Amino acid sequence: MVKQKGVGLLGKHCAFCGKKEGLLEGITVFRKDGSSQYYCSRKCRRNAELRRKPRKLKWTRETRATNRGA
Ligand SMILES: [Zn+2]
């Protein structure tokens, strides 16, 4: 396994849709337990807060990955 330097700061995968975006564009949410989650947009953050499932939404990476094999 190869670790990539700098990737953690320059680009994170959205915790909801899986899209990779620069940190400046997205939102990092820090929780009381010390963990943090990154969302690429307010849309993703809202959907995550509403506990929507990424698989049911067409625009998430998870859905695309699922449909690829079918
Ligand atoms: Zn997203």
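Analyst: One term first: helices (H or I, at least four residues) and strands (E, at least two) are DSSP runs, numbered from the N terminus. Just after the helix called α2 in that numbering, Arg51 takes a positive phi of about 60°. Please keep in mind that this is a predicted model.

User: What is the phi of Arg51, a residue that is not a glycine?

Analyst: Most residues other than glycine have a negative phi. Arg51 is not a glycine, yet its phi is positive, at about 60°.

User: What pattern does the protein follow along the sequence?

Analyst: The secondary structure comes to three helices and four strands. Read along the sequence, these elements follow the pattern α-β-β-β-β-α-α.

User: How many bridges join β3 to β4?

Analyst: Strand β3 holds residues 27-30 and strand β4 holds residues 36-39, and the two run antiparallel. One of the pairings is that of Val29 with Gln37 in β4. The number of bridges joining the two strands is four.

User: Which residue in the turn of the β3 and β4 hairpin has a positive phi?

Analyst: The two strands form a hairpin, with five residues between them. In that turn, a positive phi of about 95° belongs to Gly34.

User: Does Thr28 count as buried or exposed?

Analyst: Thr28 is found in strand β3. Leaving out residues up to four places away in sequence, Thr28 touches Ser36 and Tyr38. With 12 C-beta neighbours inside 10 Å, Thr28 counts as exposed.

User: Which residues of α2 are buried, and why do they line one face of the helix?

Analyst: Helix α2 spans residues 42-49, and its buried residues are Cys44, Arg45 and Asn47. Seen down the axis of α2, these fall within an arc of 165°, so they line one face. The cover over them includes β3 and β4. The face turned away from this buried side carries the exposed residues Arg42, Arg46 and Glu49. So, going by the arc, the buried residues on one face of the helix are Cys44, Arg45 and Asn47.

User: Which residues make up the largest nonpolar core?

Analyst: Of the 70 residues of the protein, 16% count as buried. Phe16 belongs to this core, and its contacts beyond four places in sequence include Tyr39 and Cys44. The core has six residues in all: Cys14, Phe16, Cys17, Tyr39, Cys40 and Cys44.

Conventions: Residues are numbered from 1 along each chain as its sequence is written. This is a predicted model: local features need pLDDT of at least 70, side-chain atom pairs count only at pLDDT 80 or more; totals for chains, interfaces and linings use all residues. Two strands pair if DSSP finds at least two bridges between them. A residue is buried if 20 or more other C-beta atoms lie within 10 Å of its own, exposed if 12 or fewer, and partly exposed in between; C-beta atoms are placed from the backbone. The arc is that of the directions from the helix axis to the C-beta atoms. Two residues are in contact if their C-beta atoms, placed from the backbone, lie within 7 Å. A nonpolar core is a set of buried Ala, Val, Leu, Ile, Met, Phe, Trp, Tyr and Cys residues joined through C-beta atoms within 7 Å.
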